[in-house]
Amino acid sequence: MARRRGEAVHGWLVLDKPLGMTSTKALAIARRILDAKKAGHAGTLDPLASGVLPLAFGEATKTVPYMVEARKTYRFTVRWGEETTTDDAEGPVAKASDRRPAVDEIVRALSGFVGEVWQTPPAFSAVKVDGERAYDLARDGEEVVLQPRLAHIHRIELTEVPDERHAVFEMVCGKGTYVRAFARDLGRVLGCLGHVRALTRLAVGPFTLSGAISLENLEKSGTDGAAKRLLMPLATALDDIPALAVTDQEAAQLRLGQAILARGRVSLSAEAAVADGDASGVPVYCCSRGGDPVAIASFEHGELRPTRVFNFSH
């Protein structure tokens, strides 16, 4: 008997990922509950992290790259005095220190971590080394040497100091920023060493923890078909890019992969890019006049050329 592939389910679901579970496992459970044919997630959370895990289903998976690029907000606890092999509580202690930082020392040090900063990713990370994931090499006992890379931290605040060994922070950052690397590097700057003890992702772009559902509640909603009603439109992930309503004829052209004329018909932000002579690569979300998703297109020589076309017939 052929394996049933699931239904054509489309949209975004914001999951509050529980502790102790991989993002891939959480996605698989949600996909089973929704009986979805196609699914993906935007931004991996480590097993020891909880919080916002945006899940995309069906045609919404084509908007995942825009969520991966979105700003993320984290709340996390750093434990002073110990640096671990994984830069979090999962790995064994590699170095130790008796020093504990004062609150004013921590606050002063934070200014050096705002803006564009160079980070060396943790050895136990998904960064690829010669085609292999760094964490696979590290688990096999191989020495992993990763190169520093630019990360962007928009805001970092010390929010609580429960005791001399722990400090709680809130961070808003861009794609590719490692909270674990920040904790390690801050501990080194302060001369006391440190690692992440607990971490919760509070937001990814427009998706927030207050609007997330737990796996337990998702399981309950799945029993009466209510789970599908929790899905948000795929356009939710495209709030930050210009939108353009197109005619039926233009929608048909875009869905066939054909370009349409763009000049003078898009939002001010996109027109400004055209006026500055740097329109190439500026994305535009094209929808029908009834609000149905049609395509994501980009500017090229006064035209909008589709880069991703939405097809809800499968």
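Helices (H or I, at least four residues) and strands (E, at least two) are DSSP runs, numbered from the N terminus. The model shown is predicted: local features need pLDDT of at least 70, side-chain atom pairs count only at pLDDT 80 or more, and totals for chains, interfaces and linings use all residues. Residue numbers start from 1 along each chain as its sequence is written, and side-chain values use heavy atoms, with hydrogens and water left out.

**View 1. Five strands form an open sheet of mixed pairing.** The strand order is S15-S17-S18-S19-S16, where two strands pair if DSSP finds at least two bridges between them. S15 (243-246) and S16 (260-261) are the edge strands, each pairing on one side only. Strands of a sheet pair through backbone hydrogen bonds, in either the parallel or the antiparallel sense. Here S15 and S17 are parallel and share four bridges, with valine 246 opposite serine 288 of S17. By contrast, S17 (residues 283-288) and S18 (residues 293-300) run antiparallel and are joined by five bridges; tyrosine 285 stands opposite isoleucine 296 in S18. On S15, Leu244 and Val246 belong to a covered face, while Ala243 and Ala245 belong to an uncovered one.

View 2. Glu250, Ala251 and Leu254 of H7 are buried (under 20% relative accessible area; exposed is over 50% and partly exposed in between, with a 1.4 Å probe and protein chains only). Seen down the axis of H7, these buried residues fall within an arc of 100° and therefore line one face of the helix; the arc is that of the directions from the helix axis to the C-beta atoms. They pack against S15, S16, S17, S18 and S19, contact meaning heavy atoms within 4.5 Å. Asp248 and Gln249, on the other side of H7, are exposed. Just after the helix, glycine 257 adopts a positive phi of about 85°.

**View 3. The largest nonpolar core has 26 residues.** Such a core is a set of buried Ala, Val, Leu, Ile, Met, Phe, Trp, Tyr and Cys residues joined through side-chain atoms within 4.5 Å. Phe76, Trp80, Phe169, Phe182 and Leu186 have the most contacts inside it. Elements that each supply at least two residues include strand S4 (72-80), helix H3 (103-110) and helix H5 (179-189). Leucine 186 touches Trp80, Ala109, Leu110, Phe113 and Phe169, leaving aside residues up to four places away in sequence.

**View 4. Six aromatic pairs occur in the structure.** Rings of Phe, Tyr and Trp (its six-membered ring) pair if their centres lie within 6.5 Å; planes under 30 degrees apart are stacked, over 60 edge-to-face and the rest tilted. Tryptophan 12 and phenylalanine 207 have ring centres 5.4 Å apart and planes at 40°, so this pair is tilted. Because tryptophan 12 lies in strand S1 (residues 11-17) and phenylalanine 207 in strand S13 (residues 207-208), the pair ties together parts that are 195 residues apart in sequence. Both residues are buried. Phenylalanine 76 and phenylalanine 169 form a stacked pair, 5.6 Å centre to centre with 25° between the planes. This pair links S4, holding phenylalanine 76, to S11, holding phenylalanine 169, 93 residues apart.
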